[in-house]
Amino acid sequence: MKKSYTVLIVLLLCFLCPMPAEIQAKTAAMTKKQIYRQISDNLMKRKKEFTIPCKRTALAESIVRRINCGDEESYFSVFFDMAQEIDDKKTTDDGGYLFGLIDQASCYYDRAGLHFYSVTYFETLSQTRKVNERVKRLAKSIMKKKSTKYGRILLAYGTVTDLVKYDSGKKFLSSAYGGFYKNKTVCNGYALMMYKLLMRMDIPCEFVSGKIKNGKKWQLHAWNIVKYRGKWYELDACSDDGDDDYIYTDYFMKCRKTMKKTHKPDFGYRTKAFKTKYKMGTKDIELRIEIR
């Protein structure tokens with residue numbers, strides 16, 4: 001009988017003294033946006049290990065499966081989804097830029113939630129701050145020289161290809177920091193540089209991951225899409241960099257019909273949802289030289 005009274009008292013105390021809000025939050029179910037928000041917030045702080053205290057849902061299991069399956073496109077899809085879900089208009093450090101900075105990550109699920117570990121990045125927080133400082137100066141210079149959106153996109157394109165020499169020698173060279181401060185980077189860095197420059201000038205731009213055709217083989221690649229006159233067009237500064245003083249435009253402001261011969265974006269970019277959100281142009285933008 002004593003045991004029954006004890007249980008009753010404990011239950012009554014639990015009812016009268018509810019669980020603190022912070023503990024409740026830790027055990028509550030999370031929406032898709034809440035999960036991706038916490039992942040993004042931790043990555044923005046460049047955390048190497050962190051836990052998302054969410055319940056074991058279909059989404060949580062999908063994240064673990066995609067990250068650990070060994071398929072690069074499935075792995076990248078987790079961070080692509082995060083970038084699409086969480087993109088704060090007050091900063092250019094999250095969204096597509098953050099997606100492009102993730103080097104490697106592993107993940108598993110346990111009682112505590114979704115656990116990420118061994119997370120590595122192409123750029124540190126301090127390096128990203130330096131990138132923003134450099135971009136601010138360059139964007140200001142470009143906007144002084146060019147008054148039209150087209151002129152600014154073209155000059156930004158030329159600025160990036162003029163600054164950088166393609167070099168795949170070191171890991172940090174996969175970043176915008178490598179391009180802006182070391183003058184060396186790979187496709188990933190070119191795409192991040194273009195993203196930062198155009199977004200700084202209020203020209204909508206997205207980072208694109210996928211593959212490029214090299215002979216008979218397809219290899220990992222990154223490039224951009226940019227919004228112009230209400231439609232989105234593709235540009236690939238890396239492939240147009242001839243390491244000389246000339247601005248090549250073979251991959252500048254092209255439609256999907258033109259680019260699909262050599263560029264294959266990852267699955268997320270080929271979905272109906274993405275195509276609805278980003279209305280792609282159906283014809284290439286004709287190259288023109290502006291005097292103002």
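The model is predicted. The protein chain holds 12 helices and nine strands, and 46% of its 292 residues are buried.

**Helix α7**
- Helix α7 runs over residues 125–145, which makes 21 residues.
- From its first C-alpha to its last, α7 reaches 31 Å, close to the 30 Å expected at 1.5 Å a residue.
- The buried residues in α7 are Q127, T128, V131, R134, V135, L138, A139 and I142.
- An α-helix has 3.6 residues a turn, so residues three or four places apart point the same way.
- On the face of α7 turned away from the buried side are the exposed residues R129, K136, K140 and K144.

**Residue T249**
- T249 is found in the loop between β8 (231–235) and α11 (256–259).
- T249 counts as buried because its relative accessibility is 18%, and the cut-off for buried is under 20%.
- Apart from its neighbours within four places in sequence, T249 is in contact with L154, D240, K254 and L287.

**The whole chain**
- Among contacts between residues at least 6 apart in sequence, 62% join residues at least 24 apart.
- The accessible surface of the protein chain is about 16300 Å².
- Carbon and sulfur atoms account for 54% of that accessible surface.

How values were computed
Residues are numbered from 1 along each chain as its sequence is written. This is a predicted model: local features need pLDDT of at least 70, side-chain atom pairs count only at pLDDT 80 or more; totals for chains, interfaces and linings use all residues. Side-chain values use heavy atoms; hydrogens and water are left out. Helices (H or I, at least four residues) and strands (E, at least two) are DSSP runs, numbered from the N terminus. The expected span of a helix is 1.5 Å times one less than its number of residues. Buried means under 20% relative accessible area, exposed over 50%, partly exposed in between (1.4 Å probe, protein chains only). Contact means heavy atoms within 4.5 Å. Accessible areas come from the Shrake-Rupley method with a 1.4 Å probe; for residues, only the protein chains shown count as cover.
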